[in-house]
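Have the structure open as you read.

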Amino acid sequence: MKITFCCTDTKAEPWLQGLAAALPQADISVWQPGAPQSDYAVVWAPPQQFIDEQPALRALCNIGAGVDGLLRLRLPPSMRVVRLDDAGMAVQMAEYVSHALIRHFRELDQYEAQMRAGRWGYLKPPRRQDFPVGVMGLGVLGERVARTVAQFDFPVLGWSRSPKAVAGVRTYSGAEGFGEFLAATRVLVNLLPLTPETHGIMRRDTLARLKPGAYVINVARGAHLVEEDLLALIEEGHVAGATLDVFRTEPLPAGHPFWNHPKITITPHTSARTLRDESIAQIAGKIAAMERGEAVAGAVDTARGY
Ligand code: NAP
Ligand code: GLV
């Protein structure tokens with residue numbers, strides 16, 4: 001079995017060693033233009049030339065959870081795409097979102113500013129029930145985040161495409177449930193995949209429906225958010241601030257208003273990193289299962305976009 005590795009911005013050697021150890025029968029190499037046809041590919045942001053030269057792959061194994069970049073390429077219609085399914089990302093997302101939420105809710109920035117100014121003083125404690133947290137996307141990552149936040153006794157709401165039941169979470173689904181979900185939410189967490197349906201979903205008319213004093217945590221994709229609309233709603237006072245891990249253009253360009261905004265915290269697309277060992281073990285397991293003709297978790301519906 002031949003496996004080709006084509007991952008932009010990724011050091012290949014440790015992946016090749018890990019995959020070779022997990023799949024000793026496989027012949028694994030880094031893709032070069034003109035290379036012979038492989039059986040499987042391990043990819044992140046491959047060029048279109050790679051897809052065009054490898055039309056008979058049994059599967060493209062993406063070393064990330066999101067496949068929006070991959071699906072922007074012209075893929076053969078029957079190409080099987082398999083993505084990472086947790087592989088250590090869900091706990092990272094849960095800790096990142098919990099941190100952003102608690103930092104905002106407990107006003108830790110204000111306490112830090114007081115501390116730096118040498119001031120000992122109390123702020124009026126906020127009421128947890130005034131901070132309902134709405135999680136958009138209740139998949140592998142969103143469900144874990146919603147369950148984790150519920151452990152801190154916040155009211156938690158969740159929104160997905162199909163109806164879902166999650167213990168401790170009030171759930172909504174589809175276009176018909178979206179308005180009610182937004183109206184009941186103060187802290188909005190985005191964990192949707194980027195698809196034609198969700199592109200620009202956080203824009204003036206949707207963010208304006210959140211409870212006053214809303215807070216936005218975007219950990220999915222930059223293109224979910226209309227950045228100018230967020231800035232305007234913060235300026236107008238309807239939105240109190242945001243923690244943003246993903247941006248329309250990455251790296252965030254110099255001079256972008258998010259860099260120095262006092263109400264916006266940014267991180268460089270790092271809320272849930274691909275963990276190499278966990279990902280190699282998962283991908284090797286999936287390739288072995290596909291070779292046995294078994295179904296695998298994380299199979300992408302390319303028509304649906306996630
Ligand atoms: P997932 O398991 O596929 O879950 C996607 C969820 O979104 C599902 O609940 C799905 O609904 C829902 N959804 C999809 N389209 C929808 C729509 N039009 N309306 C309402 N709900 C919709 O994905 P995941 O593994 O949780 O990952 C989510 C995203 O996180 C990825 O696509 C990626 O963009 C992002 N991500 C970011 C980082 C980072 O470091 N910033 C790291 C990893 C992933 P159903 O349940 O009904 O299908
Ligand atoms: C990272 O953003 C991923 O999709 O895994």
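Let's start at ligand 1, where an oxygen atom of the ligand is 2.9 Å from an N or O atom in the side chain of Arg83. Bear in mind that this is a predicted model, where local features need pLDDT of at least 70, side-chain atom pairs count only at pLDDT 80 or more, and totals for chains, interfaces and linings use all residues. Residues are numbered from 1 along each chain as its sequence is written, chains are lettered from A and ligands numbered from 1 in the order in which they are written, and side-chain values use heavy atoms, with hydrogens and water left out.

**Around ligand 1**

Leu141 comes in with its backbone: a polar atom there is 2.9 Å from an oxygen atom of ligand 1. Ser271 uses its side chain instead, with a polar atom 3.0 Å from a nitrogen atom of the ligand. On its own ligand 1 exposes 950 Å², and the protein buries 93% of that (areas come from the Shrake-Rupley method with a 1.4 Å probe; for residues, only the protein chains shown count as cover).

In total, 30 residues surround ligand 1, and the closest are Arg83, Leu141, Ser162, Lys164 and Tyr306. To be counted, a residue needs a heavy atom within 4 Å of the molecule. Which elements supply at least two residues each of this shell? Helix H4 (89-105), helix H6 (140-151) and strand S7 (156-160) do, and H6 gives the most, with 3 residues. Helices (H or I, at least four residues) and strands (E, at least two) are DSSP runs, numbered from the N terminus.

By residue type, the shell of ligand 1 splits into 15 nonpolar, 9 polar and 6 charged. Here Ala, Val, Leu, Ile, Met, Phe, Trp, Tyr, Cys and Pro count as nonpolar, Asp, Glu, Lys and Arg as charged, and the others, Gly among them, as polar.

**Around ligand 2**

Ligand 2 has Gly64, Ala65, Gly66, Met89, Arg221 and His269 around it, which divide into 2 nonpolar, 3 polar and 1 charged.

| Residue | Protein atom | Distance to an oxygen atom of ligand 2 |
|---|---|---|
| Ala65 | backbone N or O | 2.7 Å |
| Gly66 | polar backbone atom | 2.7 Å |
| His269 | side-chain N or O | 2.6 Å |

Arg221, one of the residues around ligand 2, sits in the loop between strand S10 (214-218) and helix H9 (227-236). Is Arg221 buried or exposed? Its relative accessible area is 17%, so it counts as buried (under 20% is buried, over 50% exposed, partly exposed in between, with a 1.4 Å probe and protein chains only). The side chain of Arg221 also makes a polar contact of 2.9 Å with that of Asp68. A polar contact is a pair of N or O atoms within 3.5 Å; within protein, one must be able to donate a hydrogen and the other to accept it, and residues adjacent in sequence count only if both atoms are side-chain atoms.

**The five-strand sheet**

Now for the strands. An open sheet of 5 strands runs in the order S2-S1-S3-S4-S5, with parallel pairing. S2 and strand S5 (81-82) are the edges, each pairing on one side only. Two strands pair if DSSP finds at least two bridges between them.

Strand S1 (residues 2-7) is mostly covered, with 5 of its 6 residues buried. S1 is joined by 4 bridges to strand S2 (residues 27-30), where Ile3 stands opposite Ile28. S1 also pairs with strand S3 (residues 40-44) over 5 bridges, and there Phe5 stands opposite Val42. Next along, S3 and strand S4 (residues 59-62) share 4 bridges, with Ala59 as the bridge partner of Tyr40.

**Around S6**

In general, side chains in a regular strand alternate between the two faces of the sheet. In strand S6 (residues 133-136), Val133 and Val135 point one way, Gly134 and Met136 the other, and all are buried. S6 is joined to S7 by 4 parallel bridges, and to strand S9 (residues 187-190) by 4 bridges, also parallel. Gly134 has Leu157 as its bridge partner in S7 and stands opposite Leu188 in S9.
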